[in-house]
Amino acid sequence: MERPEQSNPCPICTGGHAAGGGQAIFTAECSHTFHFHCISTSVAHGRLVCPLCNARWRELPLSQTSAMPPTLPRQPFPRMEAMHGFQPPPPPRQQPPLLRPADPEVFDDDDQVDPPCGHDGQRREAAAVSSGLLVVKTHAEYSAVARDSSHDNFAVLVHVKAPGIVDAEAAASDAAPRAPLDLVTVLDVSGSMRRDKLALVKQAMGFVIDNLGPDDRLSVVSFSSGAHRVTRLLRMSDIGKGVASEAVESLTAGGTTNIAEGLRTAAKVLGERRYRNAVSSVILLSDGQDNHTVRRTRGRVPNYEALVPPSFVPAGTGDRSAPIHTFGFGHNHDAAAMHVIAEATGGTFSYIENEAAIQDAFAQCIGGLLTVVVQEARVAIASGHPGVRISSIKSGRYESRVDEDGRSASVAVGELYADEQRRFLLFLSVPTAEATDGESETPLITVRCSYREAAGGAHVDVTAEDAVVARPEHAADAERSSDVERERVRVEAIEDIAAARAAAERGAHQEAVAILGYRRRAVARSPAARGGDPTSTALGTELRRMCKRVATRESYRGSGRAYVLAGLSSHEQQRATSRQLRPLRQTLAGSDGGDGEAMNSMAAAFAQAPSAVGAGALEVTDSMEYLGGGGPGGDEGASENEAEGTASYLTPAMRAMLLRSRRAREASAEQQQEQQASN
C-alpha cells in the first residue's frame, strides 16, 4: 500500500511530498506540484515550460544559486558587511512565488488513449457492460378499426430501449469494460463562488475524479473574468487522479463571469486533442450571469446562443459533437442562458438550489455518461400500406423529419445510456379497408433503428415487428393501448408546461397557474393515473409543484424559471436532470426577504387563476398546506427527483451513482462530526 506522501510524488525526482521533509514545495498555477529545488534546477537548465503539461512559465521559480537564464539577470545583494563592518543575518526564508503559466497555444498535449481493445488484446464488445441489443417496439392506439372507418390522427407509439447493464454497481465503477469518456468540466470561479460554494464544488469534483476509471480522461477548465485550462486532458490513473485532485484544490475565486470564454477553452481542449475516447462530454457549472458576451437590453431577449462555440452545435452531417450538461448553482445563475446552452448542444440543464447537493447532481450526470452504450442511433419509419400516411411526430428535442408525401419519416436519437428509453408518438392517416382487399388487418408502419455500439464500434441494425391494426366489421369494443395513452398524457403535459413558461415570462402568472392546474387535473383524470400508474402520478406531483413556483413574480424569478426549465430539459430529452431544491417556504423567504407577502400573493394568484382560461376552481387548500409543509408533497428536499415525473428517466446506473454519492456525503459528515467532538 502506498504511503500518503508517495501517492502524488514530485514528477521530476519521483520523491514524495512528505510534510516536514525539509524541502520547499512549489505549486504552479497549472496546479502541478514539484520540489522547489527540482523545478528551479529544471528552469536553470533552460526548460521554461511545465514538465507535465507544457504550460509556458510567466514567472520562473528560481533559487539563489541557480544559473539564471540570460533574459532574467540576477540582481546582486548589496555588500552590507563592507558598508557597516558586520556580517548580516541570512535573509528570511520566503515562500516560492505563485507561478502563473500561460496556456499553451495548442492543446495537443492530451494523454494517449488505449486502442478499442481490452488488456488481453481482444476487441471490446458492448456486451461487456450491457446485455443484448437495442430493442424497438410499436404500439397501436387501438387493436382494431372498423373496415368502413377511417382515422386522421391514429396514434402509434415507437418505443426504443437501449441494452441494459449487467450490474448497475459494476457499471458505475471500474469493474466492467465500457466506452471510455473524455470529460471537460468548466467551473465558475468568479467572486460569487467564494467560501462555501467553491468548497462544495471541490468536494463534488473530488467525487467525480474518484469515480472515473483509468481509461477515462479529465480536463478541468476554470473561468471568471477570463478562462484557464487548469489541467490538460489527463488519464485518470492513480497519478492522473492525484494531479487532478491537487489542481481542483488549488482553485480560488475572484473576478467576474465569462461563461463564453470558459466554453471556448473547453472547445479548444476537445478540438485540438490528438486522441479521442469513444464518448465526449462537457459539464458546465455557474452561479452567475455572463457579463462579458451577453448584452441585456430592456424589452429584448438576450442572444444566449452567442455563448455556445460553433463546434459544440450538431451540424447534422453525422459528426459527433460533445453535449454540454449545464448546472445552475444557487439563486442568481442565469437559468435561461444555461438552458439554451444545453439545448443547443444536446445536453441537459439541472438546477441546484440546495447548494450542498451539488455532488449528488454531478454523480447522477456521470452515472449516465459512464454507461453510454449506443451512439448515432436513428429511427427510420416507413408506411406499411399504400393508403397510410404519416402526419406528424412528437419527438421533443430530437430532430425528426416527415417526407412530403407522408410515406416515410425519421428521428435522430443520438446517444443512449444503458437502460435508457425513448418514446416517440406518431400520428397517422388510416384509410377505410375496402371489401375487395380481402385482408383482415391493415399494415401501418415498419420501423428500423440503426446505431453504433459505443464500446466496440460495430454498426447494428434492428427491426421492430410491423405495426398492424385489425379491420373487423365492427370495432366498438377494440382494446385501447395503455402505453399510447400514457405517452399522450406526457406529451400534452410537456406542451402545457412550455405554454405556462411562456405566460410566466411575459408576467401572466395567473394564466401560467391556470394552464398547469388544468393540465394537472387532466393527468389525474387519465386512465393511466386512475389505474395507479406511478409515472402519471409523479407527473401530477410535478405539475402541482410548478404551479407554486410560477404563481408570483417573486417565486418565478427566485426559483420558478430554473425549476420549469430543468423540467422541460428532462421531459423533452427523456433524460434525467437534477433539481436539488430547498423547501418552497425557504425559497420565498430568500427571494423577497420574508415569506408572508409572497405567500399571500401566491394564495391570491391561485384563487384568481381559473378566470384566465375558464377552468374550474383550483384546490387552494391543498396548495396552502403544501406551502406550510403540512400537505402532500410538502417535503421538497433531497428526494425531489424521486417524487416527480422526471424520476422515470433515471437509469439503474444513475441511481447507483447517486446512492454512492449520498453515502459518501453521509460518511464525510459523520467524520467531520467525530473530528469536532474530539476537538
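Accessible areas here come from the Shrake-Rupley method with a 1.4 Å probe, and for residues only the protein chains shown count as cover. I looked up the total on that basis and found that the chain exposes about 30100 Å², of which carbon and sulfur atoms supply 49%.

I note for myself that this is a predicted model, in which local features need pLDDT of at least 70 and side-chain atom pairs count only at pLDDT 80 or more, while totals for chains, interfaces and linings use all residues. Residues are numbered from 1 along each chain as its sequence is written, and side-chain values use heavy atoms, with hydrogens and water left out.

**Entry: overall make-up**

I looked up the secondary structure and found 17 helices and 22 strands in the chain; helices (H or I, at least four residues) and strands (E, at least two) are DSSP runs, numbered from the N terminus. Next I asked myself what share of the 679 residues is buried. With buried meaning under 20% relative accessible area, exposed over 50%, and partly exposed in between (1.4 Å probe, protein chains only), buried residues make up 51% of the chain. I then turned to contacts, which are heavy atoms within 4.5 Å, and found that residues 24 or more positions apart account for 74% of those with a separation of 6 or more.

**Entry: the nonpolar cores**

A nonpolar core is a set of buried Ala, Val, Leu, Ile, Met, Phe, Trp, Tyr and Cys residues joined through side-chain atoms within 4.5 Å. The largest one has 57 residues, and the members that touch the most others are Val184, Val186, Leu284, Phe312, Ile341, Phe349 and Leu516.

**Entry: helix α7**

Why do I call helix α7 largely enclosed by the rest of the structure? The reason is that 9 of the 11 residues of this helix (residues 335–345) are buried. They are Ala335, Ala336, Ala337, Met338, His339, Val340, Ile341, Ala342 and Thr345. The cover over the buried residues of α7 includes α6 (259–271), β11 (279–286), β12, β13 (349–352) and α13 (553–573). Just after α7 I noted Gly346, which takes a positive phi of about 85 degrees.

**Entry: aromatic pairs and charges over rings**

Rings of Phe, Tyr and Trp (its six-membered ring) pair if their centres lie within 6.5 Å, and planes under 30 degrees apart count as stacked, over 60 as edge-to-face and the rest as tilted. By this rule I count 3 aromatic pairs. One of them joins Tyr142 and Phe154, whose ring centres are 6.5 Å apart with planes at 45 degrees, so the pair is tilted. This pair links distant parts of the chain, with Tyr142 in the loop between β4 (135–140) and β5 (151–161) and Phe154 in strand β5, 12 residues apart. Tyr142 is partly exposed at 24% relative accessibility, whereas Phe154 is buried at 0%.

Phe327 and Phe362 form an edge-to-face pair, 5.0 Å centre to centre with 70 degrees between the planes. Here Phe327 lies in strand β12 (residues 324–329) and Phe362 in helix α8 (residues 358–369), 35 residues apart. Phe327 is buried at 2% relative accessibility, and Phe362 is buried at 0%.

A charge sits over a ring if NZ of Lys or CZ of Arg is within 6 Å of the ring centre and within 35 degrees of the ring normal. I found the charged end of Lys268 over the ring of Phe107, 5.1 Å from its centre, and Arg549 over the face of Tyr563, at 5.3 Å from the ring centre.

**Entry: helix α8**

Ala363 is found in helix α8 and is buried, at 0% relative accessibility. Leaving aside neighbours within four places in sequence, I see Ala363 in contact with Phe207, Met657, Leu658 and Ser661. The C-alpha atoms of Ala363 and Ala656 are separated by 9.2 Å, although these residues are 293 residues apart along the chain. Gln359 is in helix α8 too, buried at 4% relative accessibility, and its contacts, again beyond four places in sequence, are Gln203, Ala204, Phe207, Ser661, Ala664 and Arg665.
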